[in-house]
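Here are some notes to read with the model open beside you. Could you have a look and follow the points one by one?

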Amino acid sequence: MTELRERASRIRLVIFDVDGVLTDGSLYLGDDGQEYKAFNSRDGHGMVLLRESGIRLAVITGRNSNVVQMRMESLGVSDIFQGYRHKLPAYEQLKQVHGLTDDQVAYVGDDIIDLPVMRRVGLAIAVADADPRVRELAHWRTTAPGGRGAAREACEFILDAQGHLEPLLASYA
């Protein structure tokens, strides 16, 4: 656990997949073709806490969705990469733009599309209901499933490893 906390203490950017991580993976389609997604508000607040502690946030998702753009903007996420079936180019761009190394980046994923980036980052996190190959590769796994508190759990783990969690929680007392 000490090595894991050391990995988390170095993180300066957390990248989230969307479907299956920030949502439960369900896709809701209306008769008009409109796509709907359900996001967990506590997951969102965890992301805000990370951002307020100085950690950058990004999403890289294989799908394109207006609702993802709107939700991420409402959380203050400025690095939003949609339609990236191959996620490594977006990952490399994020590292270059922000001047980061692999060990300063965490990635939260759930499916095989996430594996190439997860192999590179300093802290690879799988949600509890991730594909078995993703869980096996991950440095750490949440106990909550995607879209149901997994992102919040990952955020709090990193905040705690960096000594930010308790002061943040105390500000709500």
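1. First, the ground rules. This is a predicted model, in which local features need pLDDT of at least 70 and side-chain atom pairs count only at pLDDT 80 or more, while totals for chains, interfaces and linings use all residues. Residues are numbered from 1 along each chain as its sequence is written, and side-chain values use heavy atoms, with hydrogens and water left out.

2. Let's start with the UniProt record. Its unreviewed entry places the feature "binding site" at D17 and D110. These two span 94 residues in sequence, yet no two of their C-alpha atoms are more than 7.6 Å apart, so they gather at one spot. The unreviewed entry also has a "binding site" annotation that covers D19. Please keep in mind that UniProt positions are given in the numbering used here, feature names are shortened, and annotations may be inferred rather than shown by experiment.

3. D17 is found in the loop between β1 and β2. (Helices, H or I with at least four residues, and strands, E with at least two, are DSSP runs numbered from the N terminus.) D17 is buried, with a relative accessible area of 4%; buried means under 20%, exposed over 50%, and partly exposed in between, using a 1.4 Å probe and protein chains only. Leaving aside neighbours within four places in sequence, D17 is in contact with residues including K87, Y107, D110 and D114, where contact means heavy atoms within 4.5 Å. The side chain of D17 makes a polar contact with the side chain of K87 at 2.9 Å. (A polar contact is a pair of N or O atoms within 3.5 Å; within protein, one must be able to donate a hydrogen and the other to accept it, and residues adjacent in sequence count only if both atoms are side-chain atoms.)

4. D110 sits in the loop between β6 (105-109) and α5 (115-118). It is buried, with a relative accessible area of 14%. Neighbours within four places aside, the contacts of D110 include D17, D19 and D131.

5. Which side chain makes a polar contact with the side chain of D19? It is that of K37, at 2.6 Å. D19 lies in the loop between β1 (13-16) and β2 (28-29) and is buried, with a relative accessible area of 14%. K37 also has a polar contact of 2.9 Å with the side chain of E35.

6. E35, in strand β3 (residues 35-36), is buried at a relative accessible area of 12%. A polar contact of 2.3 Å joins the side chains of E35 and R63. R63 is also among the residues that D19 touches.

7. Is D129 buried or partly exposed? At 45% relative accessibility, D129 counts as partly exposed. It lies in the loop between β7 (123-126) and α6 (132-137). The backbone nitrogen of G146 lies 2.9 Å from a polar atom of the D129 side chain.

8. Finally, the helix pair. The axes of α1 (residues 2-9) and α7 (residues 150-161) come within 8 Å and cross at roughly 90°. That makes α1 roughly perpendicular to α7, a label for angles of 65 to 115 degrees. L4, R5, A8 and S9 in α1 meet F157, I158, D160 and A161 in α7.

How values were computed: Axes fitted to C-alpha atoms, helices over the stretch in contact; angles between N-to-C directions. Parallel < 35°, antiparallel > 145°, perpendicular 65-115°, else oblique.
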